[in-house]
Amino acid sequence: MPKAKSSRPKVVIIGAGFGGLAAARALKNAPVDIKIIDRRNYHLFQPLLYQVATADLSPADVAWPIRGIFSHQKNVSVALTEVRDVDKDTQQVITEEGTFPYDHLIVASGAHHSYFGRDDWEKHAPGLKRIIDATEIRKQVLMAFERAEISNSDAEQRRQLTFVVVGGGPTGVEMAGAIAELANHALAADFHRINSRDARVILIEASDRLLRAFPEALSAKAQTSLEKLGVEVMVNTRVQDITEEGVHLPDTFIPSATKVWGAGVAVKNVGRWLDATTDRTGRVPVNPDLSVPGSPNIYVIGDAAQVAWQDGLDVPGIAPAAKQGGKYVGKRIAALTAGKTHDAPFRYRHAGNLATIGRHAAVIDFGRFHLSGFVAWWLWGIAHIYFLIGVRNPVFVAMNWFWSYLTFSKGARLITGLQPLHEDHDTEPKPGVQAAE
C-alpha cells in the first residue's frame, strides 16, 4: 500500500558537501524530513583532491556514497539529480527529475572554477574541484612522462616535462609541490630514456606573493620550500593566454603539455535560483542568521554564501566554515520546528589556515601562532584525518599516507580513460594503447 504523506516539515538541502552534511547531521533528532539533492552520489573530501591528481591516493580514498553516510539516519533521503531552479512562491526546488517541496531550504552547492572570462582555457588547464578533474590531471601528468619517454624530439621532450600551475593559493602551492615530488622521487626509477628529475615545474601567481591569506613570513617560507623542491616560482606575473602548446606570459612563452588551473573560483546559478543579489564571484550576501534577505526560510551556506566576518573581511570559503554554517542552520531549523526561538547570529570561529608543500613542509596560521616545516606537515595531516572521522574510518587513509611517506611510492599511478599516446583527430583509440582501468 502507498505510504501516507508525512505532515512533518520538509527540509531540502542542495549539495552534499561539508556544509550540507553538517546541516543534515544537526537535524538528526529533529521531527523533519530531509531531502538531500546532489548531481553526484558521493560526498567529496576536496582538500585531498590534489593527492588524487598526483597519484598519492585513489578516488575511493576521498569520496564516500551519500546514502552510505546517512544509512542510519532515518529522516534523510537522497535525490540524485540536478537542480534547475527554485520557485520561492510555491516553495519547490525544480530539478531534472521533478520538483521537491520544502518548508526550509538550505543551499550548499559549493563553488566552481573561475577563469575570469576566459572559459576557453579550461580545456587546456583543468581546475581541481571534482574527482573527474583530479583523475584528468593525473592522466595528463602521467601521460606527459610517457610521451616524453617515447619522443625522439628534444624540444617535445622538454615540452612534455614542463608542468605549469597557475595560481599561488593553497591548491596551486600543493599541486606544484606534489608534481615536483612525483618527478623527483616516485618516478625516478620508472623510465630509462628520460630522467624524470629533469621535469620543470613552474608556479605562476599574479600578485606579489604566494598564499595571500597567510602572513607574509609564512608566504616566504612556502616559496622557499617550493624552490628547494625545484619549483620555479613566478610572482607578479599574469597569464595572457593558455593554449594546447603552452602558456603565454607578457614577455615570454612557456611550451608545456600539462597546465593546471588554481587561480580562482566562482559560484554558479545560486543568485538566479533565488532571485538574489550576488557579489562579483556569484556569492549571495546573507543575513546574520545565514538566511537570504526577504526569504527567512531559505539559507545559503559554505562557498555560495557571502558572510560578513571581521575587519571588513568575509568568512573564508574553507571546509571548517562550511561545516560550522551547516551545523548552525541545522540547529536553527531544529529549534524553530520545536517552537523555540533561535535568535543568536552565526559566529564563525576561525581555526587557522593550512597548506602543505611536499612531504616534509607545511605552513599553518593559527592567528598569533605560526608554524612551518616538518611539525606543521604532521599537524596538517592530523587535521585532515580528523576531518575524515565521521565520514569513514580514517585509519585506511592514514595508512596509505604513511606507507607513501616511507617508500616514496605512488600507489594510484593508473592512467584511466581511452587516449592515444600521440594526439590526433581519430575518433577511435589506436590499438594497443587502451589505458588500464
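How many aromatic pairs does the count come to? It comes to 11, and one of them gets a closer look below. A few notes for someone opening this structure for the first time; keep in mind that it is a predicted model.

1. **The overall picture.** The protein chain has 437 residues, and buried ones make up 50% of them. There are 11 helices and 25 strands to find your way around. If you take the contacts between residues at least 6 apart in sequence, 63% of them join residues at least 24 apart.

2. Phe18 counts as buried because its relative accessibility, 16%, is under the 20% cut-off. Phe45 counts as buried too, at 1%.

3. **The nonpolar cores.** The largest nonpolar core holds 117 residues, and Leu105, Phe145 and Leu274 touch the most other members. Leaving aside neighbours within four places in sequence, Leu105 is in contact with Val12, Ile14, Val86, Val93, Leu274, Asn297, Ile298 and Tyr299. Another core, of 13 residues, lies apart from the largest one, and Tyr115, Val164, Val239 and Trp261 are among its members. Tyr115 and Trp261 also turn up in an aromatic cluster, together with Phe116 and Trp121. As background, nonpolar side chains tend to be buried together in soluble globular proteins.

4. **Trp380: buried or exposed?** Trp380 is buried, with a relative accessible area of 4%, and you will find it in helix 10 (residues 374-388). Beyond its neighbours within four places in sequence, its contacts are Leu48, Tyr50, Gln51, Glu174, Leu354, Ala355, Thr356, Ala362 and Ile364. Take Leu354 as an example: 26 residues separate it from Trp380 in sequence, yet the two C-alpha atoms are 6.6 Å apart in space.

5. **A nonpolar patch on the surface.** Have a look at Phe366, Phe369, Phe374, Val375, Trp378, Leu379 and Ile382, which form a nonpolar surface patch with about 650 Å² of accessible area together. Phe369 sits in the loop between strand 24 (362-365) and strand 25 (370-372). At 46% relative accessible area, Phe369 is partly exposed.

6. **A buried arginine.** Arg159 belongs to helix 5 (residues 154-160), and its relative accessible area of 11% makes it buried. Which residues does Arg159 touch, not counting those up to four places away in sequence? They are Glu244, Glu245, Pro255, Ser256 and Ala257.

Conventions
Residues are numbered from 1 along each chain as its sequence is written. This is a predicted model: local features need pLDDT of at least 70, side-chain atom pairs count only at pLDDT 80 or more; totals for chains, interfaces and linings use all residues. Side-chain values use heavy atoms; hydrogens and water are left out. Helices (H or I, at least four residues) and strands (E, at least two) are DSSP runs, numbered from the N terminus. Buried means under 20% relative accessible area, exposed over 50%, partly exposed in between (1.4 Å probe, protein chains only). Contact means heavy atoms within 4.5 Å. Patches are made of residues with over 30% relative accessible area and no salt bridge: like charges are joined within 9 Å, nonpolar side chains (Val, Leu, Ile, Met, Phe, Trp, Tyr) within 5 Å. Accessible areas come from the Shrake-Rupley method with a 1.4 Å probe; for residues, only the protein chains shown count as cover. A salt bridge is a side-chain nitrogen of Lys or Arg within 4 Å of a carboxyl oxygen of Asp or Glu. Rings of Phe, Tyr and Trp (its six-membered ring) pair if their centres lie within 6.5 Å; planes under 30 degrees apart count as stacked, over 60 as edge-to-face and the rest as tilted. A nonpolar core is a set of buried Ala, Val, Leu, Ile, Met, Phe, Trp, Tyr and Cys residues joined through side-chain atoms within 4.5 Å.
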